Every structure is written in C-alpha cells, then in structure tokens.
Amino acid sequence: MKEHKITSREMLKTYFEKGDNPTQDQFAELIDAFKHREDIPTNKEAVILANSLASIDNAYLAYYGYNFGKEKILLTINSQDEGEQLIDVSRTNHYQEQKKYFFGTAPYSIKIKEFRLDELSETEYYYFSYQLKDSLTVERVIGNNLPVLSEGLDLGTFTEQRFYLSLSKLNFGQRINNVGTNIKFINNTNVNIMYRAQANYWGSLFSNEDSVTNHYNLWDNLYFYYNADLKEINQHIECKVYNADNKQLIMTGYLYAGQNNEYAWGGDVATGIRNIRIECSYQDNQNNQINFK
C-alpha cells in the first residue's frame with residue numbers, strides 16, 4: 001500500500017509560482033492538505049484537538065438553553081485588541097452547557113446582534129439571564145406580551161474569565177405585565193456610589209443616575225445593592241431609600257469606610273412603590289454608631 005506523505009506548505013507553494021502549470025496530482029495534494037467541513041475527524045485527531053483546546057486560557061461564553069425551538073441569538077463581542085467577533089448561541093443541547101471562546105483580551109463589550117424567538121402559548125415566556133461577574137446576574141422575562149431584547153442592546157462590559165448566558169422557555173400559568181418604579185438617586189458625598197435594583201426574574205446593572213425599572217407585577221418587590229470603594233475614605237456612608245410619594249423611610253444600607261463595598265445590601269425590601277428616592281450621605285458620627293460595630 002502506498003504510504004501517504006504530508007507535503008509541506010513550502011512545497012505546495014512551489015506548485016503555484018508565477019509561470020507554473022500545476023498538474024492534476026499537485027492540485028490533489030493541495031486539496032488533501034486541508035480539512036473539509038464534511039470530514040469527520042478520527043479519534044486521534046479529536047483527542048489532539050481536545051488537548052489543544054484544554055490549554056486555551058481565553059475568556060469564554062458559557063451558555064445554556066432549555067426547551068429551545070426556532071430561536072436565533074447572535075452576539076457581537078469586541079475586545080480591546082481584536083475586531084468584532086460574532087457568536088451564534090442559537091443551537092444548544094438540552095441540559096448541556098456549551099462554550100464559545102473570545103478573541104483578544106478583556107475588557108469585552110457584548111451586544112445583541114440578532115434576537116428571534118419561537119412561538120409561545122398565552123402564559124409562556126422566556127427567562128433570559130447573564131452574568132457579568134459571579135455576584136452580578138442580569139435577568140429578564142421576555143416574549144409574549146412583554147418586550148423582547150432589541151438588536152444592538154448593550155449587555156455591558158465584561159472582564160472576568162467566564163460570561164454566562166441562559167435562555168429558557170417557561171410556563172408561568174398566567175399573564176405577566178411590567179410595572180415601572182421611578183428611582184431618583186441623590187449622592188451627597190464626593191464618592192462614586194453605584195446602586196442596583198433587583199426583583200424576582202429582573203435585575204438592572206449598577207448605575208449612578210436616575211432610572212425607571214420594568215420589573216413584573218407578580219413580583220412587585222425591589223431590593224437594592226450598592227457599590228462604592230471607600231478604602232481611602234475614613235467616614236462611613238449610609239444610603240436611605242424613601243417612598244417619594246409620602247417621604248416614608250423604607251430602608252437604610254451602609255457602606256463601610258476603609259474597604260471596598262462591592263455588593264452592599266440595601267437593608268430591606270420596597271413593595272408596591274412607584275416612586276422611590278435614594279439619598280446617600282456621610283454618616284453623622286453622633287448617630288447610629290451601632291450599625292457599624
């Protein structure tokens with residue numbers, strides 16, 4: 001049996017130099033030198049590929065889909081040193097996490113390129129969530145009578161090793177509607193303080209501006225979290241949440257001096273309130289010292 005020898009790249013190039021007339025056999029050598037998309041890798045080739053992938057330390061998208069039908073989701077990824085990368089997360093195996101690696105290095109900007117959903121029954125919706133970091137999950141219920149995610153939507157900036165995304169089709173047994181709460185944010189300090197509102201199946205990104213939620217009537221409870229680096233600050237900060245309609249104090253969250261408060265708890269829950277005011281101020285050293293012991 002004739003032994004198949006691998007022709008080097010340098011040799012293949014010599015077949016097609018200016019003025020040459022490549023033969024049929026030389027064309028065949030060129031074609032055989034490359035993999036065709038329909039070629040099924042041998043077990044040895046699959047092991048070599050798996051071992052090479054195991055050494056990749058690039059950041060990656062991990063995604064999971066449940067009850068997938070005709071959905072189509074395309075994302076664009078932009079790194080600080082590479083061009084735009086298009087990732088298709090439309091096809092996935094049920095109950096199995098899929099991986100797609102990112103080009104370049106962090107930070108990564110992630111946006112929706114295309115988002116098409118399948119048909120839904122009257123009480124079916126999609127639950128969409130993604131993690132920018134382990135402690136920050138953004139969630140939405142979409143589809144049916146609720147708004148879907150628009151093309152071009154910025155999902156945020158990602159700097160971690162894994163960007164986790166999940167899409168599931170769920171039947172809640174009843175219709176769901178958005179409710180909006182207006183949030184007025186007042187920062188009386190010279191520290192950059194970010195806040196985040198969260199409810200069941202809904203969560204926002206951290207922001208230092210006024211905002212309006214679009215959480216859901218079945219879970220009309222809002223929780224708050226704060227992010228502020230006080231490592232160089234020697235004074236505690238308290239963030240108070242008020243019902244802006246009647247000026248009632250609902251909860252108080254505390255940011256501790258001398259440390260980085262990355263996900264500080266807001267203190268309680270706001271239920272069924274449409275207008276909220278958050279005021280963050282340095283703590284009066286004469287009051288409430290018990291809260292910082």
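Strand β17 is mostly covered, with 6 of its 7 residues buried; this description, like everything that follows, is read from a predicted model. On one side, β17 runs antiparallel to β18, and the two are joined by 7 bridges. Within that pairing, Y242 has L249 of β18 standing opposite. The two strands also make a hairpin with 4 residues between them, and in this hairpin K247 adopts a positive phi near 65°.

β17 has a further partner in β21, with which the pairing is again over 7 bridges and in the antiparallel sense. Here V241 is the residue that faces I278 of β21. In general terms, the strands of a sheet are held in such pairs by backbone hydrogen bonds, which may be arranged in a parallel or an antiparallel way.

What is the order of strands in the open sheet? Its 5 strands follow one another as β14-β11-β21-β17-β18, and the pairing across the sheet is mixed. The edges are formed by β14 (211-212) and β18 (248-255), each of which pairs on one side only.

A search of the whole structure finds 1 disulfide, formed by C239 and C280, whose sulfur atoms are 2.1 Å apart. The pair links distant parts of the chain, since C239 belongs to β17 (residues 237-243) and C280 to β21 (residues 275-282), with 41 residues separating them. Because the torsion about the S-S bond of C239 and C280 is about 115°, this disulfide is right-handed. Is each of its cysteines buried or exposed? C239 has a relative accessible area of 0%, so C239 counts as buried, and C280, with a relative accessible area of 0%, is buried too.

A separate part of the model to inspect is the helix α2, which covers residues 24-32 and contains Q26. A polar atom of the Q26 side chain lies 2.9 Å from the backbone nitrogen of T23. When residues up to four places away in sequence are not counted, Q26 touches Y15, F16 and N21.

Note on methods. Residues are numbered from 1 along each chain as its sequence is written. This is a predicted model: local features need pLDDT of at least 70, side-chain atom pairs count only at pLDDT 80 or more; totals for chains, interfaces and linings use all residues. Side-chain values use heavy atoms; hydrogens and water are left out. A disulfide is a pair of cysteine sulfur atoms within 2.5 Å. Buried means under 20% relative accessible area, exposed over 50%, partly exposed in between (1.4 Å probe, protein chains only). A polar contact is a pair of N or O atoms within 3.5 Å; within protein, one must be able to donate a hydrogen and the other to accept it, and residues adjacent in sequence count only if both atoms are side-chain atoms. Contact means heavy atoms within 4.5 Å. Two strands pair if DSSP finds at least two bridges between them.
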